[in-house]
Amino acid sequence: MLIVMEHGATQEQIHAVENFIREQGFDAHISQGELHTIIGAVGGKIIDEREIQLLDGVREIIRISTSYKLASRAFQKEDTIIKINDVTIGGNQIAMIAGPCTIESYEQMDETAKALSDVGIKILRGGAFKPRTSPYSFQGLGEEGLKIIRRVADKYNMLVTSEVMQISQIPMFMKYVDILQVGARNMQNFNLLKELGFINKPVLIKRGLANTIEEWLMAAEYVLSGGNREVILCERGIRTFERATRNTLDLSAIPVVKQLSHLPVFVDPSHATGLRDKVAPMSRASVAAGCDGLIIEVHNNPPKAVCDGAQSLYPEQFAKLYDDLKAIANVIGRSI
Ligand code: PEP
Ligand code: MN
């Protein structure tokens with residue numbers, strides 16, 4: 001249930017409502033909008049709504065029938081905007097994350113990051129713990145990898161995003177990483193999501209391989225309900241019967257989620273297509289469809305990449321794509 005306060009409701013009135021619903025066993029989540037403060041009451045028992053309606057400063061009560069509440073547009077009308085140092089995610093700006101699938105060595109990260117930084121990329125990606133289908137495939141450099149990506153990012157004044165696979169890794173990630181990524185395979189690892197609700201860094205949640213948009217928004221709800229409001233969603237293609245591409249990029253998820261939720265929506269065209277020559281067209285389409293950011297695999301030497309070389313762009317290809325995306329963003333009144 002959402003409690004919409006009157007325009008100009010005082011802090012005391014807001015606190016009184018908050019206290020009342022807490023006493024009834026609800027969790028209270030406040031959204032301070034431009035015009036109205038909205039209090040999201042989650043959980044709790046069934047109560048007579050008139051008791052809330054009668055409290056001072058209450059304008060109206062809205063029952064939410066969707067299973068996600070804090071992630072919904074009804075709870076927060078304005079887009080969520082996340083600021084990390086000089087980088088803004090959400091709103092008019094389209095953010096760009098790029099880097100290799102996995103961290104292989106200092107030299108590999110340094111060369112790749114230099115090329116990306118030269119064209120103006122501010123967020124570096126790279127996995128240190130890789131969720132590989134086969135236990136015999138390279139599993140990532142672990143903490144050593146995180147140290148490398150942090151050192152390189154600092155050298156070029158970039159932010160770091162990397163995938164966290166389990167709860168016990170969270171303290172380590174808090175030391176080295178700016179945006180914690182939850183991979184497609186972990187999208188319904190509810191224990192991990194719950195813990196990520198308690199941290200004070202942004203969490204990027206990939207859509208699961210075979211998950212509906214509603215299930216994906218419920219994953220976000222887990223993080224939001226713990227108190228962490230900085231959630232980014234990332235469409236990365238879903239499993240279909242089609243085998244021409246690695247996955248099927250659900251482009252329509254962008255406008256659908258933008259309507260249902262205030263959270264920024266990113267697209268990962270690399271894992272969605274699995275093919276280098278399909279990454280540029282799908283990136284262009286994603287920007288045109290209204291995504292808030294892209295996460296693209298780029299490697300300094302793709303044929304030698306330890307994993308996902310076939311879907312990694314050469315730095316020159318990425319630079320060209322980046323220019324094209326700026327032009328498309330401009331046409332729809334946004335900037336990159
Ligand atoms: C990744 O981004 O490195 C990755 C493994 O992606 P996904 O979880 O979408 O498969
Ligand atoms: Mn990859």
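Guide: Please note that the model is predicted. One may begin with a single polar contact, a pair of N or O atoms within 3.5 Å. Here, an oxygen atom of ligand 1 lies 3.0 Å from an N or O atom in the side chain of Q181.

Visitor: How far is an oxygen atom of ligand 1 from a polar side-chain atom of K206?

Guide: That distance is 2.7 Å. For K130, an N or O atom of the side chain is 2.9 Å from a ligand 1 oxygen.

Visitor: How much of ligand 1 does the protein bury?

Guide: The ligand alone exposes 290 Å², of which the protein buries 96%.

Visitor: Which residues are around ligand 1?

Guide: They are R125, K130, E163, Q181, G183, A184, R185, K206, R236 and H271. By class, this shell comprises 6 charged, 3 polar and 1 nonpolar residues.

Visitor: Which domains does the assignment give for the chain?

Guide: Domain 1 covers 2–62 and domain 2 covers 82–331. Their centres, taken over C-alpha atoms, are 36 Å apart.

Terms used: Residues numbered from 1 in each chain as written. Chains lettered and ligands numbered in written order. Predicted model: local features only at pLDDT ≥ 70, side-chain atom pairs only at ≥ 80, totals over all residues. Heavy atoms only, no water. Near = heavy atom within 4 Å. Polar contact = N/O pair within 3.5 Å; in protein donor to acceptor, adjacent residues only side chain to side chain. Areas by Shrake-Rupley, 256 points an atom, 1.4 Å probe, with all protein chains shown as cover. Nonpolar A, V, L, I, M, F, W, Y, C, P; charged D, E, K, R; others polar. Domains from an automatic or database assignment.
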